[in-house]
Amino acid sequence: MSTILIVDDEAPFRAVLREILEPQGYRVVEAGNGDEAMERLARLRVDLVISDQRMPGLDGLTLLRRIRQMPAPPAVVLLTAYGSIPEAVDAVRAGAIDYLTKPLASPEQLIAVVERALAMDDDDIAGESRSLREVVETADRVAEKDVPVLITGESGTGKELIARRIHRRSRRAKKPFVAVNCAALPETLAESELFGHERGAFTGAARQRAGRFEEAAGGTLFLDEVGELSPAVQAKLLRAIEDHVIRRVGGTRDVGADIRLIAATNRDLSDGGFRSDLYFRLAVVRLDIPPLRERADDIASIAQHLLARLATKHGLAVPALKSDALDALRRHRWPGNVRELRNVLERALVLRGAEPIRAADLALAPAAATLAASHDEVEKERVLEALRQAHGNREHAAKLLGVSVRTLYYRLNRLKLA
């Protein structure tokens with residue numbers, strides 16, 4: 001069971017957060033100011049601190065900085081009643097995982113931020129296979145070198161965990177780690193999201209806004225699924241890396257960009273659909289994380305590690321994995337990798353409690369391995385059929401498949417059809 005410390009000088013507001021969080025299975029403790037919070041932290045194991053930013057005495061930012069100096073600091077989310085972008089940027093720069101504005105938009109918003117913060121703070125990487133250990137050892141060696149790193153691997157393999165490990169072992173560890181999912185950025189907003197914008201730069205830009213580069217100042221910027229950025233944004237990213245400056249949308253002057261850049265992708269960026277000069281700047285060091293199906297010897301240790309974490313989260317004793325369950329886990333192809341394994345185990349744990357987990361409790365379809373193994377064949381046939389219908393016209397074929405031409409070229413290369 002995760003413990004959350006709520007720090008706010010308004011007792012009714014603390015009570016509201018408690019009423020939202022306790023039914024979700026969290027243990028909630030309270031402090032009325034920053035000094036009380038430090039006293040609680042000195043005697044309790046706390047996983048997450050949610051603190052008001054403006055309080056009498058020790059304010060939220062000062063509290064955050066003191067927490068960051070602890071040997072094993074909990075994650076911190078800051079609250080502000082003002083919704084101020086500069087205050088939010090200061091919070092992230094100081095090491096906050098996230099921030100929330102008061103009053104809360106909804107209970108669901110709070111729950112989502114808490115879940116994300118707790119997940120982000122867990123960077124343990126389980127598994128002892130040689131291939132994974134080589135990745136981890138290389139990551140540890142380059143952590144202090146302050147060079148760009150490109151992490152490749154299928155979805156769910158733990159690319160962000162490796163990125164966070166590099167950050168925490170670098171000279172930038174006390175500065176922010178800012179993660180951006182490039183695949184989730186609408187093309188029209190990606191430039192503003194990354195580089196910020198000036199007031200009046202476009203319709204709706206009512207005030208100046210700092211981008212993720214500025215939020216990450218002095219720390220690490222993690223660009224997940226970097227291959228999804230448009231050519232125009234790729235060009236600006238290349239300049240930021242080479243010249244260590246960025247320019248906000250609508251701006252007329254350069255802003256310094258003192259960040260360590262780590263990028264990740266689940267596809268081959270050297271296939272021609274991505275700027276080659278940017279690729280080589282990102283891949284000064286390249287780390288390739290192997291999929292879980294290639295690390296069968298790791299599955300038992302990873303499963304036990306995840307079960308221990310999940311049992312703590314749900315306030316349960318750690319259950320045993322019966323031999324038939326372990327056999328089923330080893331046979332499964334795991335198209336969703338470690339993320340899928342975690343979800344399977346959490347479902348079984350919730351249903352079984354502390355009882356030993358059997359193969360039947362895992363809800364793995366008997367044909368799952370065959371289905372996963374044949375996925376590429378099914379996709380290959382779909383691509384070939386689209387090309388046949390389009391009489392070889394790849395732009396038309398992409399429209400038939402409902403994907404971009406760039407994505408089609410990627411699939412052609414991955415399926416060895418190019």
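A cavity, as the word is used here, is a set of grid points over the protein atoms alone where a 1.4 Å probe fits but cannot get out. By this rule, the count for this structure, which is a predicted model, comes to 1 cavity of 30 Å³ or more.

**The cavity**

- The largest cavity has a volume of about 30 Å³, and its lining is made up of Leu-150, Thr-152, Thr-265, Arg-267, Asp-268, Leu-269, Tyr-279 and Arg-286.
- When the residues that line the largest cavity are sorted by class, 3 are nonpolar, 2 are polar and 3 are charged.

**Strands S1 and S2**

- Strand S1, which covers residues 3–7, pairs with strand S2, which covers residues 27–31, and the two run in the parallel sense over 5 bridges.
- Between S1 and S2 the chain passes through helix H1 (residues 11–21), and the β-α-β crossover made in this way is right-handed.
- Within this pairing, Leu-5 stands opposite Val-29, a residue of S2.

- Asp-47 belongs to the loop that lies between helix H2 (34–43) and strand S3 (48–52).
- From its place in the loop, Asp-47 reaches with its side chain to the backbone nitrogen of Thr-3, at 2.7 Å, and residue 3 is part of strand S1 (residues 3–7).

**Two residues with positive phi**

- Glu-225 is not a glycine, and yet it has a positive phi of about 50 degrees; its place in the chain is the loop between strand S8 (220–224) and helix H10 (231–243).
- With a relative accessible area of 11%, Glu-225 falls under the 20% cut-off and is therefore described as buried.
- Asn-337 also has a positive phi, of about 55 degrees, although it is not a glycine, but Asn-337 is found in a helix, namely H14 (residues 337–352).
- Asn-337 has a relative accessibility of 0%, so it too counts as buried.

Notes:
Residues are numbered from 1 along each chain as its sequence is written. This is a predicted model: local features need pLDDT of at least 70, side-chain atom pairs count only at pLDDT 80 or more; totals for chains, interfaces and linings use all residues. Side-chain values use heavy atoms; hydrogens and water are left out. Helices (H or I, at least four residues) and strands (E, at least two) are DSSP runs, numbered from the N terminus. A polar contact is a pair of N or O atoms within 3.5 Å; within protein, one must be able to donate a hydrogen and the other to accept it, and residues adjacent in sequence count only if both atoms are side-chain atoms. Two strands pair if DSSP finds at least two bridges between them. A crossover is right-handed if, with the strands pointing away from the viewer, the path from the first strand over the helix to the second runs clockwise. On a 1 Å grid over the protein atoms alone, a cavity is a set of points where a 1.4 Å probe fits but cannot get out, and a pocket is an open set with protein on both sides within 12 Å along at least five of seven lines; lining residues have an atom within 4 Å of a point. Grid points are joined across faces, edges and corners, and a volume is the space filled by probe spheres set on the points. Ala, Val, Leu, Ile, Met, Phe, Trp, Tyr, Cys and Pro count as nonpolar, Asp, Glu, Lys and Arg as charged, and the others, Gly among them, as polar. Buried means under 20% relative accessible area, exposed over 50%, partly exposed in between (1.4 Å probe, protein chains only).
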